Amino acid sequence: MVIWTEVLFWVCILMTIYVYFGYPICLCLISCLTRKQIIKKEITPMVTFLISVYNEEKVIRERIENLLQLDYPKEKLEIIIASDGSTDKTDEIVKEYEEKGIILKRLERGGKLVALNKIIPTVRGEIVILSDANVFCQKDAVRMLVRNFYEDEIGCVSGDVRLLGGVSFEKGESLYYKYERFLQKKESEIHSLIGADGALYAIRKRLYFPPPPEGATDDFVISMEIAKAGYRTIYEDKAKAFEDSAPTSKEEFSKKVRVVAAAFQCLKLGAGIPTISQPALLFEYISHKLLRWFVPFFLIGVFVSNLFLLNLLFYQICLLLQLVFYICAFCGLISKVKIKIFSIPLYFCIVNVASLVGFFRGIVGQQTCAWQPITRTKKSKI
């Protein structure tokens, strides 16, 4: 019994270490041995900038003003706002900008993927840029994305969306996103990153694969299907945009739950999953996504098995360290992180508890394809 408990402890702790540290080290080593170059040149193909919205009256005017300031030839830029059955003043505000070229596509409530599947085949752009209502782009963001499509092998480009302000665990969240950007950069150097950033990414229209609308995530499935088709999905750090962080821990938690639940529904549907015939892409998918989603189970395995291994000082210290870490996270939660050191353990726990809840919600199919906007603050400053 003790032997198997010890095996469980070490398997779980080594898997957790691999996910957060081993995989990045592997990416660095592989990229040093085989790095793919990306030729970037100034090109101006026809571009469609498409935003799907639902009840975004608080931010849609500022978002449209931001889009109108983009540094890209006006005759080559089509801007479409797809309103997914909005019931507030969103549509009225968008209509005010029709004379400036903003196109409103009013749809019955069905969810973002339903809207994308209906509209993308009809757009004029050779390149389609997808974004959210609360994301504000720098003026050159479109040019920075589009220049990567000079080479035919590039099928999808993910932008660099920075978080501003937000909840009290800002330091933990900021560290998490810097870590994610590092992984995306290294994956791009090897071949393709795993899942574009849904806040700002661009695709070739001809490569658009209509995802199943049953709870799947557009950014993950669309970008992964492009990569599975043999094209590269890459990260462009100079295509910058900004959005506010979730205003509360509760909303950040809910957001993470939705993402993981949708991811497991994608897994059930077989959407965006690499095959064994693409070993590099499959390796990245398993290491970056699949194992990451199972970290909560590894953490539970470490803690529970540790309770049965207290006969040695080493395991006593391990249990003590775990307790201190989780107590710090709890203190951060109840104090709203007045002490900054609590922000990292708090955000780590929020992410992994959300993954646990999202796993069960995704398995039983409770994730809907229609979304609700989070609480919006004033627009992000850029």
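Asn55 sits in the loop between strand β1 and helix α2 (60-68), where helices (H or I, at least four residues) and strands (E, at least two) are DSSP runs numbered from the N terminus. The phi angle of Asn55 is near 50°, a positive value in a residue other than glycine. Asn55 counts as partly exposed because its relative accessibility is 21%; buried means under 20% relative accessible area, exposed over 50%, and partly exposed in between, with a 1.4 Å probe and protein chains only.

The model is predicted, and local features need pLDDT of at least 70, side-chain atom pairs count only at pLDDT 80 or more, while totals for chains, interfaces and linings use all residues. Residues are numbered from 1 along each chain as its sequence is written, and side-chain values use heavy atoms, with hydrogens and water left out. The mean pLDDT of the protein is 88, and 90% of its residues reach 70 or more, pLDDT being the predictor's confidence in each residue, from 0 to 100. Over residues 376-381 the pLDDT is below 50, and beyond near neighbours in sequence this stretch has 18 contacts in the model, a contact meaning heavy atoms within 4.5 Å.

**The sheet**

Eight strands form an open sheet of mixed pairing, in the order β3-β2-β1-β4-β7-β6-β8-β5; two strands pair if DSSP finds at least two bridges between them. The edge strands, each pairing on one side only, are β3 (102-107) and β5 (136-137). Helix α4 (residues 112-119) packs on the sheet, where it touches β1 (47-53), β2 (77-84), β3 and β4 (127-131), and its direction makes about 150° with that of β1; axes are lines fitted to C-alpha atoms, for helices over the stretch in contact, and angles run from 0 to 180 degrees between N-to-C directions.

| Strands | Sense | Bridges |
|---|---|---|
| β5 and β8 | antiparallel | two |
| β6 and β8 | parallel | nine |
| β6 and β7 (200-204) | antiparallel | three |

Strand β6 (residues 154-164) is largely enclosed by the rest of the structure, because eight of its eleven residues are buried. Individual residues mark these pairings: Phe136 has Phe242 in β8 as its bridge partner, Leu163 stands opposite Glu243 in β8, and Ser158 has Tyr201 in β7 as its bridge partner.

**Glu236 in strand β8**

Glu236 lies in strand β8 (residues 232-244) and counts as buried because its relative accessibility is 0%. The side chain of Glu236 makes a polar contact with the side chain of Asn148 at 3.0 Å, a polar contact being a pair of N or O atoms within 3.5 Å, of which, within protein, one must be able to donate a hydrogen and the other to accept it, and residues adjacent in sequence count only if both atoms are side-chain atoms. A polar atom of the Glu236 side chain also lies 2.9 Å from the backbone nitrogen of Lys238. Leaving aside neighbours within four places in sequence, the residues in contact with Glu236 include Lys40, Met144, Val157 and Asp160.

The 13 residues of helix α10 (residues 295-307) should span 18 Å at 1.5 Å a residue, which agrees with the 19 Å between its end C-alpha atoms; the expected span is 1.5 Å times one less than the number of residues. Among the buried residues of α10 are Val295, Phe298, Leu299 and Val302, and what covers the buried residues includes α1 (2-33), α9 (279-293), α11 (313-335) and α12 (343-363).

Gly195 is placed in the loop between α6 (170-190) and β7, and counts as buried because its relative accessibility is 6%.
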